[in-house]
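Look over the model below before reading on. Try each question yourself first.

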Amino acid sequence: MIALSLAEIATVVGGQTYDIPDPSVRVTGPVVRDSREVAPGSLFVAFAGERVDGHDFASAVVEAGAVAVLASRPVGVPAIVVDDVTKALGALARHVVERAGATLVALTGSAGKTSTKDLIAQVLNSKAPTVWPEGNLNNEIGLPLTALRVQEDTEFLVLEMGARYIGDIRYLTGLTPPRIGLVLNVGTAHIGEFGGREQIAQAKGEMVEALPADGAAVLNADDPLVRAMSSRTKAKVILFGESGEADVRAENVRLTDAGQPAFRLHTPSGASDVTMRLYGEHHVSNALAAAAVGHELGMSADEIATALSEAGSLSRWRMEVTERPDGVTIVNDAYNANPESMRAALRALAAMGKASQARGGRTWAVLGRMAELGDEALAEHDAVGRLAVRLNVSKLVAVGGREASWLQLGAYNEGSWGEESVHVSDAQSAVDLLRSQLRPGDVVLVKASRSVGLESVAQALLETGAEGEVAAR
């Protein structure tokens with residue numbers, strides 16, 4: 001964080017100082033909420049959770065080097081006490097962002113936010129110092145913590161913004177006002193909370209409503225609900241997509257034998273070829289979104305294409321592709337799932353499996369429930385199960401309870417012989433089944449909503465029969 005004195009911070013957040021002998025002492029280290037991340041010069045933010053109360057760690061974090069604690073009550077060590085720690089954290093973030101002067105890029109969408117954020121970050125970081133979130137820190141706590149990592153030399157700040165309700169993105173853009181706002185898509189993630197895609201579009205469009213007149217709205221030309229958001233902003237509109245009307249578009253899209261996308265990138269400043277290190281054709285749209293941001297910030301088509309071709313996955317459990325020493329490939333995409341991302345992952349699996357199937361290998365989709373779909377849950381799980389069969393996935397392993405049974409039933413009804421799918425009760429049952437049947441050349445996709453915890457299946461399979469180092473690619 002940009003160094004600030006405790007007196008300055010107290011003024012910014014409207015707090016009272018307690019047990020601070022010298023208010024001129026500055027916070028020179030990171031602002032953290034996890035006591036394990038405290039470093040000399042830190043400010044520790046104490047949240048009172050249902051299971052853990054950060055105030056209980058106040059003495060320990062100061063002993064570990066924290067300058068003070070941002071708290072809701074005195075804690076017996078140097079502290080700035082406020083009525084609402086979350087709001088205080090947001091106020092501090094806004095102050096630091098305004099003082100830093102970095103160009104702020106914010107993005108939202110129903111699917112692909114974190115992968116696209118990682119691509120934008122790598123494109124911009126190839127041009128100038130850039131700060132971005134680790135993982136998907138995209139709410140009223142994670143977003144300010146990311147923003148507070150900016151330094152004096154930070155040129156670009158990339159932030160991901162999530163929403164469960166109308167008004168969430170309006171609140172987040174109020175904390176960290178973007179100059180460039182990006183909307184990827186409007187899908188069915190959290191449709192149970194919103195009630196419909198139109199309501200989701202209303203919420204996501206709060207991003208472009210927050211932009212200044214001299215800003216830029218980067219919108220998906222291939223999604224009608226996103227494209228319609230152009231009427232909701234005063235900012236310049238940049239369209240990306242495969243549509244011929246897009247300002248930044250892809251031509252000659254194809255997949256390599258390994259399932260990695262390649263295409264000809266076109267921007268208003270020129271064209272260049274891209275071959276990505278990521279897996280799945282869905283990353284083309286993500287890459288075009290990143291390219292549009294890069295173009296708006298003055299990068300040439302060649303510079304953008306080089307950065308996209310070199311970019312990797314920065315976040316865990318998102319299409320992590322690892323080949324075991326015995327030739328079995330594990331695709332760990334278990335961080336989260338919604339109908340759009342599930343379909344994209346299945347198509348990526350099908351593309352990756354073509355080469356292995358030619359050598360006798362098979363494709364396996366180990367899938368679990370997609371949460372927060374409300375009344376659409378049965379239809380969406382059934383549709384994903386059917387898609388797995390239509391894509392010729394060798395076998396669907398549906399893991400868990402009711403929703404998983406809907407996945408399996410969809411595949412069973414779509415299949416010819418009833419052997420294309422199986423339903424197992426839990427992760428360990430899935431591991432036992434796969435351990436007994438996997439053979440060299442097989443490709444295994446593991447995906448479900450975060451609450452299912454299917455990353456344990458991927459980890460167990462990577463440990464199974466491993467001799468020596470596992471070679472990641």
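The questions below concern a predicted model.

Q: How many of the residues of strand β22 (residues 443-447) are buried?
A: In a regular strand, side chains alternate between the two faces of the sheet. One side of β22 carries V443, L445 and K447, the other V444 and V446, and both faces are covered. The buried count for β22 is five of five.

Q: Which residue of β22 is the bridge partner of I330?
A: Strand β18 (residues 329-332) pairs with β22 in the parallel sense, over four bridges. In β22, the partner of I330 is V444.

Q: Which residue of β22 is the bridge partner of T363?
A: Strand β19 (residues 363-367) and β22 also pair in the parallel sense, here over five bridges. The partner of T363 is V443.

Q: How many Å apart are the end C-alpha atoms of helix α15 (residues 402-414)?
A: Helix α15 has 13 residues, and at 1.5 Å a residue it should span 18 Å.

Q: What covers the buried residues of α15?
A: The buried residues of α15 are E403, A404, W406, L407, Q408, G410 and A411. Their cover includes β19, α14 (377-390), β20 (395-399) and β21 (421-424).

Q: Which are the edge strands of the nine-strand open sheet?
A: The sheet runs β9-β10-β8-β11-β12-β13-β14-β15-β16, with mixed pairing. An edge strand here pairs on one side only; these are β9 (130-131) and β16 (270-275).

Q: Which residue of β11 stands opposite T108?
A: Strands β8 (residues 103-108) and β11 (residues 180-183) pair in the parallel sense over four bridges. Opposite T108 stands V183.

Note on methods: Residues are numbered from 1 along each chain as its sequence is written. This is a predicted model: local features need pLDDT of at least 70, side-chain atom pairs count only at pLDDT 80 or more; totals for chains, interfaces and linings use all residues. Side-chain values use heavy atoms; hydrogens and water are left out. Buried means under 20% relative accessible area, exposed over 50%, partly exposed in between (1.4 Å probe, protein chains only). Helices (H or I, at least four residues) and strands (E, at least two) are DSSP runs, numbered from the N terminus. Two strands pair if DSSP finds at least two bridges between them. The expected span of a helix is 1.5 Å times one less than its number of residues. Contact means heavy atoms within 4.5 Å.
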